[in-house]
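Have the viewer ready and follow along.

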Amino acid sequence: MKNAQYLLIPGPTPVPLRVARAMDRPMINHRGPEFCKIIGDVVSGVKRIYRTREQLLIYPASGTGGLEAAIANFIAPGEKVLAISIGVFGDRFAEIATRFGAQVEKVDFPWGSGADPNIIKERIEKDKGGEIKAVLITHNETSTGVCNDIETIRKAIKEHPALFMVYSVSGLGAHELRMDDWDLDVVVSGSQKAFMIPPGLSFMAFSPKALAKHKVNPNRCFYWDVTLGLQYQESGQTPFTPPISLYYGLQEALKMLEEEGLENVLIRHRNYRDMVRTSIAAMGLELFTKDAFASNAVTSVCAPTEIGANSIRKYMLEEFNIILAGGQQNLDNVIFRLGHLGYVRELDIIAVLAALELTLVKFKYDLQLGSGLHKAQETLLKYHISKQE
Ligand SMILES: *Cc1c(COP(=O)(O)O)cnc(C)c1O
């Protein structure tokens, strides 16, 4: 018998049945009153997750489309931008800016750790002439499992006039992010992570300062154009045909998030992280990131070198139908990544940790069955007890 699939990768994430059912509805006129109501609903719902009252557009695109929209609308060719990178996705944001003709200065931090606010502050303080027009930064770096301390980094460079642009495709909904309180200028996210709907929607919110910048920016895009998007949004439409089914799904997923309460959603993700990390450590495996930077969305685990991360993944897939992510670039076969983001159930995590123990023992790794599982159960018990108090 083939077990039902456990999808524990950092996106796409499992889609709740409620969302799937909501999506299974007939098409409607995207310029009619029914869709107008849906747009109003989902835009304000997503804004609540962003903790913002600023403008927000929804694009029919995967997360990267939103990043491209951000660069195309808010950065002019030839402008200097500071791109802070702690992994593959930070590099991607920098690469997009380069392609659009920005003069990109990268500030790299070692993979597995977060960006150091003091180093960024020092660099920014040197820019007396205000040459740097934007700072690009990833919130949650999915390739390593690190969450940057956006609030502290933002505070450290608050005096500088550069736009502060945050790439939070896998961060929003798993980690706290307060766009307005933290004074973030642009925040990009995507649908297939904590939002619990399939891939295909990208969200971009922006401050009045960013919008003013857009207004004087030589326009180099059509599909992503913010002015056009806002014009249509005013009348409850999108400039181009939207993926209507995904909007149905988003509307339902937002309802689910609100029923649970955003605070509780974040605490639930933190509990997933703690369950996984205490358990992995008790199995004697090395965690790729330190506790201080550990992501609520995904955990990177160093595989025992004599086994290799990919053998573990392959065995878990074939034997248990559990899907884990591999390492990217230099981390291929070094780490595997366990996604615990979106519509994941706590007992799915228990099951996957149990299967991981079986897999490790099968590969002759020295482990007492249950030693990691026990820690995960203890952590889960604490979470349940604290929920009742
Ligand atoms: C999942 C993820 C992506 C995916 O990008 P797509 O364009 O949606 O394929 C991008 N960035 C981060 C940080 C992610 O976690």
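**Aromatic rings and their neighbours**

Tyr 223 counts as partly exposed, because its relative accessibility is 38%, a value between the 20% and 50% cut-offs. Please keep in mind that this is a predicted model. Phe 240 is partly exposed too, at a relative accessible area of 25%.

**Ring pairs**

- A pair of aromatic rings is described by the distance of the centres and the angle of the planes.
- With ring centres required to lie within 6.5 Å, the count comes to 11 aromatic pairs.
- One of these is the stacked pair of Tyr 223 and Phe 240, with 5.0 Å from centre to centre and 15 degrees between the planes.
- This pair links distant parts of the chain, 17 residues apart: Tyr 223 sits in the loop between α7 (208-216) and α8 (226-234), while Phe 240 sits in the loop between α8 and α9 (244-260).
- Tyr 315 and Phe 320 make an edge-to-face pair, because their planes stand at 75 degrees and the cut-off for that class is over 60; their ring centres are 6.2 Å apart.
- Both members of that pair, Tyr 315 and Phe 320, are buried.

**Charges over rings**

- Arg 25 lies over the face of Tyr 248, and the distance from the ring centre is 4.0 Å.
- Lys 362 lies over the face of Phe 363, at 4.4 Å from the ring centre.

**A nonpolar surface patch**

- On the surface, Leu 358, Val 361 and Leu 369 form a nonpolar patch; together they have about 240 Å² of accessible area.
- To find Leu 369, look in the loop between α12 (346-362) and α13 (371-388).

- Arg 277 belongs to helix α10 (residues 262-282).
- Its relative accessible area is 7%, which is under the 20% cut-off, so Arg 277 counts as buried.
- Leaving aside residues up to four places away in sequence, Arg 277 touches Leu 287, Thr 289, Lys 290, Asp 291, Ala 294 and Thr 299.
- Between the C-alpha atoms of Arg 277 and Glu 319 there are 23 Å; along the chain these two residues are 42 residues apart.

Conventions: Residues numbered from 1 in each chain as written. Predicted model: local features only at pLDDT ≥ 70, side-chain atom pairs only at ≥ 80, totals over all residues. Heavy atoms only, no water. Phe/Tyr/Trp six-rings, centres within 6.5 Å; stacked < 30°, edge-to-face > 60°. Helix = DSSP H or I, 4+ residues; strand = E, 2+ residues; numbered from the N terminus. Buried < 20%, exposed > 50% of the residue type's maximum accessible area, 1.4 Å probe, protein only. Lys NZ or Arg CZ within 6 Å of the ring centre and 35° of its normal. Patch = residues over 30% accessible without salt bridge, like charges linked within 9 Å, V, L, I, M, F, W, Y side chains within 5 Å. Areas by Shrake-Rupley, 256 points an atom, 1.4 Å probe, with all protein chains shown as cover. Salt bridge = Lys/Arg side-chain N within 4 Å of Asp/Glu carboxyl O. Contact = heavy atoms within 4.5 Å.
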